[in-house]
Amino acid sequence: MANIVLTTNLLYNICEVYLDDILIHGNSEDAFVNNVRRVFERFRSKRITLNPKKVRLGMEEVEFVDHTLTSEGMSFSKAKRDKVLNFPKPTQMKHMKAFLGLANYFRSHIRDFAVKVRPLHQMVTQYERRKKLKWTAELEECFNSVQREIASCPMLYFPVEGVQLQVNTDASDYGVGAYIYQIIDGEERPIAFESKSLSKVQCRWSTVEKEAFAIYYTLMQHKHLLRDTKFTLHTDHLNLTYLNLESSAKVKRWKLAIQEYDFDVKHVAGVRNVVADAFSRLCEAPSPEKKEVEMEYVHTLMSIVVPDEETLSDEHYRLIESCHNRVAGHHGVAKTVAKLQKAGHKWKHMRRHVKGL
C-alpha cells in the first residue's frame, strides 16, 4: 500500500496508511473531496476494491490506530484509556511487563514519562516471568500515579502556523525530558512531550552535562517540528555555555548539531537574560556593549571542574576512532579495548569512554 499503491506523492501529503486502513484528510471540504477523488482514482488504476460498509466520509473526528483525531490535534479514546485504568495491580513480573507495555503507548502525551515509570521498571529488572512482585507504599503510589497521569493526559495540538514554538528541557538523575508547546490566547497548547531514561554511563554525567544532552536530544528527536522554524528555548544559560566551553568529543558533536537550529533562549533560573542571549547563537560573537558582562560570566563558568571520568580528551577520542571506524570495523566494547591495549594504549576509564562512544 505504501510503496506501490499510494507512493509518496499521495502518502503523507493527503493520506495516511496503516496496513489496510487509509485515512484521507483535507483542510477544507473542497480540498477533501479532491483528495478523496485522487485516492479513489489510484485505487481504480491498481484494481483495488473498497468495501462500502467500511468507508466513512466527511467525518470531523475519527479514531485511527487507537488515537482520536480532530482538526485541532490528537488524543486517546476512552476505551483505550480504560484499558489502563481498569488494569489490576500486577502480582507477577509478567503482569507488570504487560502494564508497562500498555502504559508506554501514552508516553508521548505525558511529561517526563520515563522518569515517572522508572520505579516500576526497576521491579522487573531481573525478569522472571512468574516471580511475585514485592510492593511498598511508594511503589503502589507510583503505579496509581501513572494511571492518573494517563487518565488526565492532554490532547496534543497540531502546530498553528505563525505562532512561535516554545521548548522546555530538563534533566533528572535518571532521565531527560522536554515539553514543546505554543501559547495561543494566553493558554498553553501542548504539541509534544519527550522523555528518555539515561544509561548507567549517562547517569554518571554531571548535572550540567545531562541538561546539555537534554537540549541536544530534544532537538534531534523533534527536528520535523523545529528544524525549519524559529523557536524559543527555555533553559539555564549554563547549559549552552557548557556546550561552548567543554572540549569532549561528544559535546562537540552536540554543539555542531544544535548550530543548525534557529532559536532564542529564555533564561529560566532568574539571572539576567543578557547572558542567555549571549549564547542563544552558539558561535555568535558578542556585541561590544555586552562583551565585558558576558566574559565575566564565561570566566566564572570556565572554572567549573568536570571529573576525569566524565571527560574524554581529543587525543583519546582519536585513538578510539583509529580502532573503531568503517575501515577497521565497528566492534563491541571488549574488542575495541583489546585492540587499544594491544597497540600499547591505556588510560583511566578507557572502557567507560569506549562504551560512551
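**A loop to start with**

Author: Val65 sits in the loop between β3 (62-64) and β4 (67-69). Strands here are DSSP runs (E, at least two residues), and helices are runs of H or I with at least four, numbered from the N terminus. Before going on: this is a predicted model, where local features need pLDDT of at least 70 and side-chain atom pairs count only at pLDDT 80 or more, while totals for chains, interfaces and linings use all residues. Residues are numbered from 1 along each chain as its sequence is written, and side-chain values use heavy atoms, with hydrogens and water left out.

Reader: OK, and what's the phi of Val65?

Author: Positive, about 50°, although Val65 is not a glycine. Asp66 is in the loop between β3 and β4 too, and has a positive phi of about 70°, again without being a glycine. Most residues other than glycine have a negative phi.

Reader: Where's the confidence lowest?

Author: In helix α13 (residues 273-278), with a mean of 30, while helix α2 (residues 29-45) is highest at 95. That's pLDDT, the predictor's confidence in each residue, from 0 to 100. Over residues 270-310 the pLDDT is below 50, and this stretch has 59 contacts in the model beyond near neighbours in sequence. For the protein, the mean pLDDT is 82, and 83% of residues reach 70 or more.

Reader: Switching to rings. How many aromatic pairs are there?

Author: The structure holds 16. One of them is Phe213 with Tyr216, a tilted pair at 6.2 Å centre to centre and 40° between the planes. Rings of Phe, Tyr and Trp (its six-membered ring) pair if their centres lie within 6.5 Å; planes under 30 degrees apart are stacked, over 60 edge-to-face, and the rest tilted.

Reader: Why are those two placed for it?

Author: They are 3 residues apart in helix α9 (residues 207-221), so about one helical turn separates Phe213 and Tyr216. An α-helix has 3.6 residues a turn, so residues three or four places apart point the same way. Phe213 is buried at 7%, whereas Tyr216 is partly exposed at 22%.

Reader: Which charges lie over ring faces?

Author: Lys97 lies over the face of Tyr127, 5.3 Å from the ring centre. Arg118 lies over the face of Tyr174, at 3.5 Å. The rule: NZ of Lys or CZ of Arg within 6 Å of the ring centre and within 35 degrees of the ring normal.

Reader: What's around Phe193?

Author: Phe193 is in strand β9 (residues 187-197) and is buried at 10%. Leaving aside neighbours within four places in sequence, its contacts include Ile110, Leu156, Tyr179 and His222. Phe193 and His222 are 29 residues apart in sequence and 9.8 Å apart in space, C-alpha to C-alpha. His222 is in the loop between α9 and α10 (223-226), and is buried at 7%.

Reader: And Thr232, what does its side chain contact?

Author: The side chain of Gln164, through a polar contact of 2.5 Å. That means a pair of N or O atoms within 3.5 Å; within protein, one must be able to donate a hydrogen and the other to accept it, and residues adjacent in sequence count only if both atoms are side-chain atoms. Thr232 is found in strand β10 (residues 230-235) and is buried at 9%.

Reader: Last one, how many disulfides?

Author: The count comes to 0, with a disulfide taken as a pair of cysteine sulfur atoms within 2.5 Å. Cys15 is buried at 0%, and Cys323 is buried at 9%.

Note on methods
Buried < 20%, exposed > 50% of the residue type's maximum accessible area, 1.4 Å probe, protein only. Contact = heavy atoms within 4.5 Å.
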